[in-house]
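Dear colleague,

I am handing over the structure below, together with an account of what was found in it. Please keep it open while reading.

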Amino acid sequence: MNLLIKSATINDPNSPFHQKITDILIKDGVIKAISPNIKSDVPVFDAKGKYASPGFFDLNCNIGELGYETKETLESGTRAAAAGGFTGLALMPNTQPPIHSKAEVEYLFNRAKNNLVDVYPLGAISYKREGKDMAEMYDMFLSGAKAFTDGNRPVQDAGLMERALLYTQGFKALVFSYPEDTAIAGKAKVNEGEVSTSLGMKGIPSLAEELMIARDLYLAEYTGSKIHFSTVSTARSVELIKEAKRKGLQVTCDVTAHHLVLTDEELKGFDSNYKVKPPLRIQKDVDALITGLKDGTIDAIVSQHTPHEIEFKDVEFEVAEYGNIGLQTTFSLAVQAGLDIELIVQKLAINPRKILDIEVPVIAEDKKANLVVFDADMEWEYTKANNRSKSCNSPFIGKNLKGKVLLTCNNNKQF
């Protein structure tokens, strides 16, 4: 890949060119020069008034492979990722079979070779994600798994979670916790509150999330382990994690982009594309999540990209599957939430890699070109025509969004 990016404003806190307007010359996928007014005969990309930052990294992405290729394949999923500015994906083990042995990890690594987007399969904590016996975590770690999670299934057994935290200490791997107490959440589908009452639907109380966070924080403190909480969604959850960080616990967490801009008020139309897990909360929670991002309590923003075929979403709300696609809208929703560019880059590009102990790309000379160019002010319409995912289950299709990714470069490729 040979390209000259003209007049980009570099936003990379680790770069010596941070906040400078300059040209970036890329040859054979490597940044060869960064300076104003570069002359070259390679193709030119005009980035005047646009930002260039390290490529984004998603800590919570669901791709259909293995077993659910009718929802999403690696090809379609990474294409959607590149369109959204992501050059790295952590794949959840919500597959069939689950990613619970080195065979699945190695298969996905091999399938993703020579792709623009770097793929990192996350291994399951328990065999078949059943929450009973520990999976072959060390074998998966040796094959490249950076962290372990049961994906969208919480580890209900406190003893199993304690053993997982202790076991992974031996090889310095990270455990992800999806915080939901299923005994409290029950079979409810939406957030417990005024909206659930008015709709006549059972609600999931915030307590279901907060109890699990409190439990796993105690376990992390007891074992001296590091832990990461996926998709926190309530104000009290943010308070618990903030207090744990203040005490010196090795805890990190992330939030989905859609929880920064949507509340349970959206459910009044019974659109199943708003049916997500954790459920959409109230405005007080949204405000606390945004504050948590700004004060450093919440470390990363994720897409929680969850594709489904139409027959799983175009049904009655009660029986519809949870989740929506989000790789192409994550950046726009972060902009819509009112976050500044430096904070967005920190939460989408820098921190996710630090959490997984992956090298953070830097926009500097003689470094691999792993970067994204975006316009934070550009308005665009998200349509089925420009949707790169195999699935279309997004509440934002047909809507105008602000903030668009224009160019994604990585692994000697561009999108």
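The notes that follow go through the findings by topic.

The model is a predicted one. Every value quoted here was computed from it.

**Helix 12**

Helix 12 covers residues 341-355 and has 15 residues. From its first C-alpha to its last it reaches 20 Å, close to the 21 Å expected at 1.5 Å a residue. The helix bends by about 35 degrees at lysine 347.

Is helix 12 enclosed or exposed? Twelve of its 15 residues are buried, so helix 12 is largely enclosed by the rest of the structure. Among the buried residues are Ile341, Leu343, Ile344, Val345, Leu348 and Ile350.

At its start, a side-chain oxygen of aspartate 340 reaches to within 3.2 Å of the backbone nitrogen of glutamate 342. Just after the helix, aspartate 357 takes a positive phi of about 60 degrees. Aspartate 357 belongs to the loop between helix 12 and strand 16 (371-382). With a relative accessibility of 62%, aspartate 357 counts as exposed. The C-alpha atom of aspartate 357 is separated by 18 Å from that of aspartate 12, and the two residues are 345 residues apart along the chain.

**Aromatic rings and charges over them**

The count of aromatic pairs comes to twelve. One of them is formed by phenylalanine 270 and phenylalanine 317, whose ring centres are 6.3 Å apart. Which arrangement do these two rings take? The angle between their planes is 80 degrees, and the cut-off for edge-to-face is over 60, so the pair is edge-to-face.

This pair links distant parts of the chain, its two members being 47 residues apart. Phenylalanine 270 is in the loop between strand 14 (251-256) and helix 9 (283-295), while phenylalanine 317 is in the loop between helix 10 (310-313) and helix 11 (330-336). Phenylalanine 270 is partly exposed, at 42% relative accessibility, whereas phenylalanine 317 is buried, at 6%.

Elsewhere, lysine 404 lies over the face of tryptophan 380, at 4.8 Å from the ring centre. There is also an aromatic cluster, formed by Tyr51, Phe56, Phe86, Phe331 and Phe374.

**Backbone features**

Where do cis peptide bonds occur? One joins glutamine 96 and proline 97, with omega about 5 degrees. Proline 97 is placed in the loop between strand 7 (86-91) and helix 2 (102-111). Another joins lysine 277 and proline 278, with omega about 0 degrees. Proline 278 is found in the loop between strand 14 and helix 9, which also holds phenylalanine 270.

Two further residues have a positive phi although neither is a glycine. Serine 7 has a phi of about 60 degrees and is placed in strand 1 (residues 3-10). Its relative accessible area is 26%, which means that serine 7 is partly exposed. For aspartate 28 the phi is about 55 degrees. Aspartate 28 is in the loop between strand 2 (21-27) and strand 3 (30-35), and it is exposed, with a relative accessible area of 57%.

**Cysteines**

How many disulfides are there? The count comes to zero. For cysteine 61, the nearest cysteine sulfur is that of cysteine 392, 16 Å away. The cut-off for a disulfide is 2.5 Å between the sulfur atoms, so cysteine 61 is in no disulfide. Cysteine 61 is buried, at 0% relative accessibility, and cysteine 409 is likewise buried, at 0%.

**A residue in helix 4**

Threonine 168 is in helix 4 (residues 158-169). With a relative accessible area of 2%, threonine 168 is buried. Between threonine 168 and threonine 22 there are 44 Å in space, C-alpha to C-alpha, and the two are 146 residues apart in sequence.

With kind regards

Key
Residues are numbered from 1 along each chain as its sequence is written. This is a predicted model: local features need pLDDT of at least 70, side-chain atom pairs count only at pLDDT 80 or more; totals for chains, interfaces and linings use all residues. Side-chain values use heavy atoms; hydrogens and water are left out. Rings of Phe, Tyr and Trp (its six-membered ring) pair if their centres lie within 6.5 Å; planes under 30 degrees apart count as stacked, over 60 as edge-to-face and the rest as tilted. Helices (H or I, at least four residues) and strands (E, at least two) are DSSP runs, numbered from the N terminus. Buried means under 20% relative accessible area, exposed over 50%, partly exposed in between (1.4 Å probe, protein chains only). A charge sits over a ring if NZ of Lys or CZ of Arg is within 6 Å of the ring centre and within 35 degrees of the ring normal. The expected span of a helix is 1.5 Å times one less than its number of residues. The bend at a residue is the angle between axes fitted to the seven residues ending there and the seven starting there. A polar contact is a pair of N or O atoms within 3.5 Å; within protein, one must be able to donate a hydrogen and the other to accept it, and residues adjacent in sequence count only if both atoms are side-chain atoms.
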